Amino acid sequence: MKKGIPVLIPPSKCGTPQIEVMFDIDAYGIIHAGDKATGKTQDIRIETSSRLTEEEIKRMRADAEANAESDKLAKEKAEKLNAADAMIFQTESQLKEFGDKLSDDKKKPIEEALEELKTAFESKDIAVIDPALE
């Protein structure tokens, strides 16, 4: 099996390269990848060295079903943490940019809420993050 086949991207302005990767995997295990700008394509063949037995597949499915609830909770926690992190970043950016245009009586509650959210974010406790986001 080939790993890490490099695809060279020609130098260009920031944001202009357009790379299209097609995950067209056929019965022979071939993945097709290409560059829109040059039309250059590359094929990668995937070959397995062993197959899973039916028993292994059933065990893996049972494990997935058994862990579904914990996976859901982990996903929700990650989403809340990401939302808090984004809110912290956005609020800090806006305070830097527009803070001097706000009066102290309007700016102070925002800064207090921001500090509360930062503390909640550092604790990684979703029960504390939810009200702090509000």
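The following questions and answers concern a few residues of this predicted model.

Residues are numbered from 1 along each chain as its sequence is written. Because the model is predicted, local features need pLDDT of at least 70 and side-chain atom pairs count only at pLDDT 80 or more, while totals for chains, interfaces and linings use all residues; side-chain values use heavy atoms, without hydrogens and water.

Reader: Is Thr91 buried or exposed?
Author: Thr91 sits in helix 2, residues 68-98 (helices are DSSP runs of H or I with at least four residues, strands are runs of E with at least two, numbered from the N terminus). Buried means under 20% relative accessible area, exposed over 50%, and partly exposed in between, with a 1.4 Å probe and protein chains only. Thr91 has 15% relative accessibility, so Thr91 is buried.

Reader: Is Phe89 buried or exposed?
Author: Phe89 is also placed in helix 2. Its relative accessible area is 59%, so Phe89 is exposed.

Reader: Which residues does Thr91 contact, leaving aside neighbours within four places in sequence?
Author: Contact means heavy atoms within 4.5 Å. With those neighbours left aside, the partners of Thr91 are Ile110 and Leu114.
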